[in-house]
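Hi,

Here is the structure I promised to pass on.

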Amino acid sequence: MKRHILITGGAGFIGSHVVRRFVRKYPDYMIVNLDKLTYAGNLVNLRDVEKAANYKFVRGDIGDRELLCTLFHEHSIDGVIHLAAESHVDRSIRDPLLFARTNVLGTLTLLQAAREAWEGASAGARRFHHVSTDEVYGALKDGEAAFSETTRYDPHSPYAASKAGSDHFVRAYHDTYGLPVVLTHCSNNYGPYQFPEKLIPLCIRNICAGELLPIYGKGDHVRDWLHVEDHAEAIDEVFHRGRDGESYNIGGINEWKNIDVIKLLIRIVDEELGNAPGSSEKLITHITDRAGHDPRYAINAQKLREELGWFPKHSFESGLRETVRWYLTHEQWMTDVTSGAYERYYEEMYSGRG
Ligand code: NAD
Ligand code: DAU
């Protein structure tokens with residue numbers, strides 16, 4: 001069936017994998033990627049699909065009501081996969097208002113646009129998929145059962161609170177106006193194209209440069225790591241086959257202490273660079289802990305497995321090695337996304353092309 005899907009935040013880390021997957025796998029679909037191109041959004045992430053006939057990029061803000069109204073009508077949008085967000089916890093601690101504006105008000109504006117555009121039409125194939133996070137569930141203690149879809153919301157960081165707020169609006173639009181929605185709550189992602197402020201790409205970059213590896217506190221905080229392509233696959237499954245109004249947890253069944261992730265990364269990067277084993281361990285530097293740092297996240301993804309047959313395909317060690325190799329062979333990408341070169345690329349690529 002022909003579909004017209006609006007993907008928001010498609011120039012970011014996870015969004016670019018979702019866009020690439022949909023553009024390639026569904027040639028009959030029209031994929032419209034709406035992205036504001038903040039520091040985290042880069043069109044170089046999508047160079048390999050940017051000329052595809054079933055792909056269109058629009059630079060804009062999810063908070064821009066008029067633009068959304070135009071997009072829904074001009075492109076007959078019948079599905080939304082909403083990833084656009086401010087995504088970094090440390091930034092949310094410095095600028096919580098930005099997170100409320102983008103993640104809460106931006107999502108609300110998008111929901112309202114979908115509601116207005118789809119009013120009166122039968123739900124049919126229409127669907128609003130909100131890509132959320134496991135951080136809305138708060139924190140687990142050692143030995144406590146992993147988050148399930150019925151775990152009580154208990155967000156701690158401004159980022160988590162803003163994603164929880166947006167989830168509540170998504171549910172409210174479903175329960176009040178009958179908007180067809182699904183929600184997914186995913187654990188920590190890793191893989192190519194992740195902006196080097198997040199733990200794994202930051203450490204790969206710093207090991208290569210011989211710079212310090214900043215570990216918050218003792219490094220005994222636990223995260224459940226999932227390869228980004230496994231996440232994109234799960235989004236594909238839930239968007240197409242998830243039950244209306246339901247939430248699905250997505251996770252790697254792959255809990256690691258931060259310090260152990262860093263040691264594994266050091267081993268892999270040193271091997272790949274031909275350094276003496278463990279030679280980068282001296283770079284590990286324990287620094288002041290993140291405020292409100294959640295000690296442990298772990299996901300129970302049983303519902304997704306039982307209902308839709310999804311399970312993670314990448315093993316952590318081989319996924320990490322492949323990720324390290326990607327970063328080692330994409331030094332220019334790293335330079336571009338952390339310098340003004342990206343803005344120049346955007347100007348050359350899109351100026352005057354609408
Ligand atoms: P990211 O920061 O890499 O990308 C976010 C994208 O959103 C960027 O391209 C940015 O330009 C765009 N954006 C920001 N504000 C916008 C606005 N107002 N209008 C339009 N576009 C805007 O984020 P990510 O890590 O790829 O995360 C994507 C989504 O997945 C987020 O909603 C995040 O909460 C969620 N998520 C992330 C993870 C993870 O581990 N990274 C895990 C679970 C859920
Ligand atoms: O759980 C899903 C979430 O995972 C997503 O919703 C967020 O968008 C995403 O950013 C990620 O949040 P985290 O805060 O868990 O990811 P981050 O890479 O920032 O940190 C991972 C762990 O590493 C966390 O316990 C904090 C720690 N850390 C992080 C950085 C950047 C450090 O010890 N040092 C660092 O420099």
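Predicted model: local features only at pLDDT ≥ 70, side-chain atom pairs only at ≥ 80, totals over all residues.

Residues are numbered from 1 along each chain as its sequence is written, chains are lettered from A and ligands numbered from 1 in the order in which they are written, and side-chain values use heavy atoms, with hydrogens and water left out.

Ligand 1 is surrounded by 29 residues (a heavy atom within 4 Å), the closest being Ile-14, Asp-35, Ser-87, Tyr-159 and Lys-163. I count as a polar contact a pair of N or O atoms within 3.5 Å; within protein, one must be able to donate a hydrogen and the other to accept it, and residues adjacent in sequence count only if both atoms are side-chain atoms. A polar side-chain atom of Lys-163 sits 2.7 Å from an oxygen of ligand 1, and a side-chain N or O of Asp-61 is 3.0 Å from one of the ligand 1 nitrogens. On its own ligand 1 exposes 840 Å², of which the protein buries 96% (Shrake-Rupley areas, 1.4 Å probe; for residues, only the protein chains shown count as cover). Strand 5 (127-133) makes the largest contribution to the shell around ligand 1, with 3 residues (helices are DSSP runs of H or I, at least four residues, and strands of E, at least two, numbered from the N terminus).

Ligand 2 has 23 residues around it, and Thr-133, Asp-134, Tyr-159, Arg-290 and His-293 are the closest. Thr-133 puts a polar side-chain atom 2.7 Å from a ligand 2 oxygen, while a polar backbone atom of Pro-214 is 2.7 Å from a ligand 2 nitrogen. Alone, ligand 2 exposes 690 Å², and the protein buries 94% of that. Strand 8 (213-216) gives the most to the shell around ligand 2, with 3 residues.

Asp-230, Glu-233, Asp-236 and Glu-237 are among the buried ones.

Last, Gln-194 lies in the loop between strand 7 (188-190) and helix 6, and is buried at 7% relative accessible area. A polar atom of the Gln-194 side chain is 3.4 Å from the backbone oxygen of Asn-189.

Cheers

Terms used. Buried < 20%, exposed > 50% of the residue type's maximum accessible area, 1.4 Å probe, protein only.
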